[in-house]
Amino acid sequence: MQQTARTVVIHEHGGPEVLRIEDRAIGDPGPGQVRIRHQACGLNFIDVYQRAGLYPMEMPHALGMEAAGVIEAVGEGVTHLEPGQRAAYAAAPAGAYCEARLMPAAQVCPLPDSISFDAAAAMMLKGLTVEYLFNRTTPLKRGDTVLFHAAAGGVGLIACQWAKSEGIKLIGTAGTDEKCSLAQFNGAAHCINYQTENFAQRVAEITKGEGVDVVMDSIGADTFEGSLDSLKPLGMMISFGNASGSVPLIDIGILAKKGSLKITRPTLFTHIADHTVCQAMARRLFGKVEGGEVKIHIDQRFPLDQVADAHRALEARKTTGSTILEL
């Protein structure tokens, strides 16, 4: 008898109300695939973008980009995983909000015994994002200064700790004093409450007018102009998300006027497309966690059937750290 798994599916783009739970059939893995039974799933802003239609998807489509669990079966040609092995991933195609599924094996990573399923589900997409931001996007060295928006979120808290472990001075922003305190507790040198202060002005004060070497901005429209104004000449703007909406079109000449600035719009999925690179990134992330340099904060947990409530909390910016869906 064919297996089925409860899976969160959308049939149209829209608000959290379009999320449905359906029983979906799961077959045996084909060449280059694995079947993984999940123990926990992660929640990320990309899931909201896909649900709402900012990143359009063919319908119907399952949602979710990261999870952790146990390999049930492997297809032909898969050599780095085996049945019974613990594993985790953050990778396409979407569909991680489920009890079990088939996945391309190349981006599924063996999970060390010392890291729990919950922690893995909470950190794969966020932690691999931090890994490429600090190691693969622009050269960063000890003593450099970074402005990081949403510093108390899931990506942000990992970034605060990662920066401290690398000797990089991180200036964070967050929407409440409590979130700012959380970011600083996790390694941010400073954190600016953007609700009560002009963050670009505060950055200028903190850096004595020099600006920062790099801005890492997942907020998008609301912070873009201030982020550019926070950079020193020849600085790098990394725009890696759109939590407040897409960045408007700009005149590229403004980069020259503001100091020969550089700008990039990377995605995690470009970096992990190569199997060898993906596995190396995961090992670096796991090493940070196993070594105690990065601790994963799971501040919200929702049962799978309350996934709509999880999306509402994330969109309302009521969350800190990471959020997982429990199975």
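The legends below describe close-up views of a predicted model.

**View 1. The six-stranded sheet is open and parallel.** Its strands follow the order S11-S10-S9-S12-S13-S14. Strand S11 (190–193) and strand S14 (262–264) are the edge strands, and each has a single partner strand, so one side of each lacks a neighbour in the sheet. From one strand to the next, the twist averages 15°.

**View 2. Strand S9 (residues 145–148) has buried residues pointing both ways.** Thr 145 and Leu 147 point one way, while Val 146 and Phe 148 point the other way. All of these residues are buried. In a regular strand, side chains alternate between the two faces of the sheet.

**View 3. Strand S9 pairs with strand S10 (residues 169–174) in the parallel sense.** Four bridges make up this pairing. Phe 148 has Gly 172 as its bridge partner in S10, and Val 146 stands opposite Leu 170 in S10. Between S9 and S10 the chain passes through helix H3 (residues 154–166), forming a right-handed β-α-β crossover.

**View 4. Strand S9 also runs parallel to strand S12 (residues 212–217).** Three bridges join S9 to S12. Val 214 is the bridge partner of Val 146 in S12.

**View 5. The three-stranded sheet is open and antiparallel.** The order of its strands is S2-S1-S4. Strand S2 (20–26) and strand S4 stand at the edges with a single partner strand each, so one side of each is left without a neighbour in the sheet. Strand S1 (residues 3–10) is joined to S2 by seven bridges. Val 9 stands opposite Arg 20 in S2.

**View 6. Pro 60 lies in the loop between helix H1 (45–52) and strand S4 (61–62).** Its relative accessible area is 43%, so Pro 60 is partly exposed. Pro 60 and Gln 107 are 47 residues apart in sequence, and their C-alpha atoms are 24 Å apart in space.

**View 7. The largest pocket has a volume of about 940 Å³.** It is lined by 46 residues, and those closest to its centre are Phe 45, Ala 150, Val 155, Ser 218 and Ala 243. The elements giving two or more residues to this lining are H1, helix H2 (117–135), H3, S10, helix H8 (268–271) and strand S16 (322–326). H2 gives the most, with four residues. By class, the lining has 20 nonpolar, 20 polar and six charged residues.

**View 8. The second largest pocket has a volume of about 260 Å³.** Of its 17 lining residues, Arg 24, Ala 62, Gly 95, Arg 101 and Leu 102 lie nearest its centre. At least two lining residues come from each of S1, S2, S4 and strand S7 (100–104). S7 supplies the largest share, five residues. The lining divides into eleven nonpolar, four polar and two charged residues.

**View 9. The largest cavity has a volume of about 30 Å³.** The count comes to one cavity of 30 Å³ or more. Its lining is formed by Gly 154, Leu 157, Ile 158, Gln 161, Lys 295, Ile 296, His 297, Gly 321 and Ser 322. H3 gives the most to this lining, with four residues. The lining has three nonpolar, five polar and one charged residues.

Technical notes:
Residues numbered from 1 in each chain as written. Predicted model: local features only at pLDDT ≥ 70, side-chain atom pairs only at ≥ 80, totals over all residues. Heavy atoms only, no water. Buried < 20%, exposed > 50% of the residue type's maximum accessible area, 1.4 Å probe, protein only. Pairing = 2+ DSSP bridges. Right-handed = clockwise from strand over helix to strand, strands pointing away. 1 Å grid on protein atoms, 1.4 Å probe; cavity = no way out; pocket = protein on both sides within 12 Å on 5 of 7 lines; lining within 4 Å. Points joined across faces, edges and corners; volume = space filled by probe spheres on them. Nonpolar A, V, L, I, M, F, W, Y, C, P; charged D, E, K, R; others polar. Axes fitted to C-alpha atoms, helices over the stretch in contact; angles between N-to-C directions.
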